[in-house]
Amino acid sequence: MRLQTAIDNRHSIREFEKRKVPKSVLKKLVNNAAKAPSASNAQPWRFYVISSSKKRDQIAAWTNETFKKIIKDKSPKKSNMKTKEIQRIAEKFYDNLGDAPNIILVYRKKERNEESYIRPNDISSVSAAVQNLILSAVEEKLGTCWVGTLKGSEKNLAKLLDIPSSHEIIASIIIGYPKKGSKVLLRKKKKLNEVLKFI
Ligand SMILES: Cc1cc2nc3c(=O)[nH]c(=O)nc-3n(C[C@H](O)[C@H](O)[C@H](O)COP(=O)(O)O)c2cc1C
């Protein structure tokens, strides 16, 4: 697949088939992720790929709790969900993380006594890896959604998955085969002249 096609066809997917992604495919995606650039070539990323149904169900439940806390008592505008359609999709999605069969958690490995510039650089490096993974997933006909609402569950996740304390969670990506017939929410993108300035 041409890179341009993958970029054009990538949209966040929030409804999945239940069948799991084969381990070989997940490995390929992480391998591509790990080819990303990283500050000082530190390659600070560490990937935890969850296929255990029990563990993914627990994570989905925590995410739903976080979502409910966020939207509780908030008007759709304040909760960042500007339309009723988006709120409806979100509620359905968070009920069980769209049935996504796999979750990929991406951590950064902290160094001891690291300089203050290391963390922001590491976050950029890990994000570059995540984008490689997400675009590679399009080629495999997989859907993904980056889920920020796993933030807040760091301690629970560390305990559940036995994550070392030297690891800091940066991104959580749910992944699976998009549910047949489900409608993809096409989000409006800013015009180029709103985000680009040639100097
Ligand atoms: C850092 C980050 C966090 C996100 N967190 C969530 C989330 O918690 N829930 C969700 O449904 N989508 C989440 N998204 C997906 C965005 O809503 C989505 O990328 C955006 O609306 C644009 O749509 P598109 O990905 O289809 O182009 C997140 C995306 C990013 C990059």
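**Exercise 1. The sheet.** Over how many bridges do strand 1 and strand 2 pair, and in which sense?

*Solution.* Before starting, note that this is a predicted model, in which local features need pLDDT of at least 70 and side-chain atom pairs count only at pLDDT 80 or more, while totals for chains, interfaces and linings use all residues. Residues are numbered from 1 along each chain as its sequence is written.

Strand 1 and strand 2 are joined by 6 bridges in the antiparallel sense, and one of the pairs is Arg 46 with its partner Tyr 107 in strand 2.

Step two is to continue across the sheet. Strand 2 pairs with strand 4 over 8 bridges, again in the antiparallel sense, and here Ile 104 stands opposite Ile 173 in strand 4. Strand 4 (residues 167-176) is in turn joined to strand 3 by 4 bridges, also antiparallel, with Gly 176 as the bridge partner of Gly 143.

Step three puts the pairs together: the 4 strands form an open sheet in the order 1-2-4-3. Strand 1 (45-50) and strand 3 (143-146) each have a single partner strand, so one side of each is left without a neighbour in the sheet.

**Exercise 2. The faces of a helix.** Which residues of helix 3 are buried, and against which elements do they pack?

*Solution.* First, a residue is called buried if 20 or more other C-beta atoms lie within 10 Å of its own, exposed if 12 or fewer, and partly exposed in between, with C-beta atoms placed from the backbone. By this rule the buried residues of helix 3 are Arg 56, Ile 59, Ala 60 and Thr 63.

Next, recall that an α-helix has 3.6 residues a turn, so residues three or four places apart point the same way. Seen down the axis of helix 3, the buried residues fall within an arc of 105° (taken from the directions from the helix axis to the C-beta atoms), so they line one face of the helix. The face turned away from this side carries the exposed residues Lys 54, Asp 57, Lys 68 and Lys 69.

Finally, the buried residues of helix 3 pack against strand 1, helix 4 and strand 2, where contact requires C-beta atoms, placed from the backbone, to lie within 7 Å. Strand 2 is itself mostly covered, since 7 of its 8 residues are buried.

Methods
Pairing = 2+ DSSP bridges. Helix = DSSP H or I, 4+ residues; strand = E, 2+ residues; numbered from the N terminus. Contact = placed C-beta atoms within 7 Å.
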